[in-house]
Amino acid sequence: MTGHDNETGAEVVRKLHQAFNGRDRDTLLGCLAEDVAWHVEGDHLVAGTYQGRDGLWEGFMGPMWASPARVQDHDVLDHGQHVVALEDVFHDFGEGEQRWKTVEVFRLENGRVVERWGFTSHQAELDRLFARGCAADMELG
């Protein structure tokens, strides 16, 4: 688990991204508060706000787990209760790996993420790819 008082917010966010990239579910969930609010921007089927670790896992993280998505941090700026991560997010929706410049803003309490917002370059293109990918998943399911 994470969230120890001796970890900075930047360390928690880096650990969260490393856990996502390494598909380490326990560490990832340990970085999140039980009642986390995770905001996914865009105009697609998985856009919206996910409440709580269980809701986030069931609605967004779990389905993304088997995907080839990964995060590469460039700068993680720690300002006490808030952390801003400047990063590239990579994903392959079947057209080859693509990259989006992304900014994530995290609010932390007691060493855990309690709220997250994400903003990405080329949101309309990402929406189109997510919509196609989500529709294909729904047809298979």
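Q: In the hairpin formed by β4 and β5, which turn residue has a positive phi?
A: The model is a predicted one: local features need pLDDT of at least 70, side-chain atom pairs count only at pLDDT 80 or more, and totals for chains, interfaces and linings use all residues. Strands (E, at least two residues) and helices (H or I, at least four) are DSSP runs numbered from the N terminus. The hairpin has 4 residues between β4 and β5, and the turn residue with a positive phi, about 100°, is Gly 94.

Q: Over how many bridges do β4 and β5 pair?
A: Two strands pair if DSSP finds at least two bridges between them. Ala 85 stands opposite Glu 104 in β5. β4 and β5 run in the antiparallel sense, and the number of bridges is 11.

Q: Which strands stand at the edges of the sheet?
A: The open sheet has 6 strands in the order β2-β1-β6-β5-β4-β3, with mixed pairing. Each edge strand has a single partner, so one side of it is left without a neighbour in the sheet; these strands are β2 (48-51) and β3 (70-79).

Q: What angle does the direction of α1 make with that of β3?
A: Helix α1 packs on the sheet and touches β1, β3, β4 (82-92), β5 and β6; contact means heavy atoms within 4.5 Å. Axes are lines fitted to C-alpha atoms, for helices over the stretch in contact, and angles run from 0 to 180 degrees between N-to-C directions. The angle between α1 and β3 is about 170°.

Q: Is His 17 buried or exposed?
A: His 17 sits in helix α1 (residues 9-21). Beyond its neighbours within four places in sequence, it contacts Val 71, Asp 73, Ala 85, Glu 87, Glu 104 and Phe 106. Buried means under 20% relative accessible area, exposed over 50% and partly exposed in between (1.4 Å probe, protein chains only). With a relative accessible area of 4%, His 17 is therefore buried.

Q: On which face of β5 does Val 103 lie, covered or uncovered?
A: In a regular strand the side chains alternate between the two faces of the sheet. Val 103 belongs to β5 (residues 97-109) and, at 31% relative accessibility, counts as partly exposed. Thr 102 and Glu 104 are among the residues of the covered face, whereas the face of Val 103 is uncovered.

Q: What is the C-alpha to C-alpha distance between Val 103 and Thr 120?
A: Not counting residues up to four places away in sequence, Val 103 touches Val 84, Ala 85, Leu 86, Trp 117, Gly 118 and Phe 119. Val 103 and Thr 120 are 17 residues apart in sequence, and their distance in space is 6.3 Å.

Q: Which residue in the hairpin of β5 and β6 takes a positive phi?
A: β5 and β6 pair in the antiparallel sense over 8 bridges, and Glu 109 has Arg 112 as its bridge partner in β6. Most residues other than glycine have a negative phi, and most peptide bonds are trans. With 2 residues between the strands, the hairpin has a positive phi near 50° at Asn 110.

Q: How exposed is Arg 23, as a relative accessibility?
A: Arg 23 lies in the loop between α1 and α2 (25-30). Its phi is positive, about 55°, although it is not a glycine. Arg 23 counts as partly exposed because its relative accessibility is 23%.

Technical notes: Residues are numbered from 1 along each chain as its sequence is written. Side-chain values use heavy atoms; hydrogens and water are left out.
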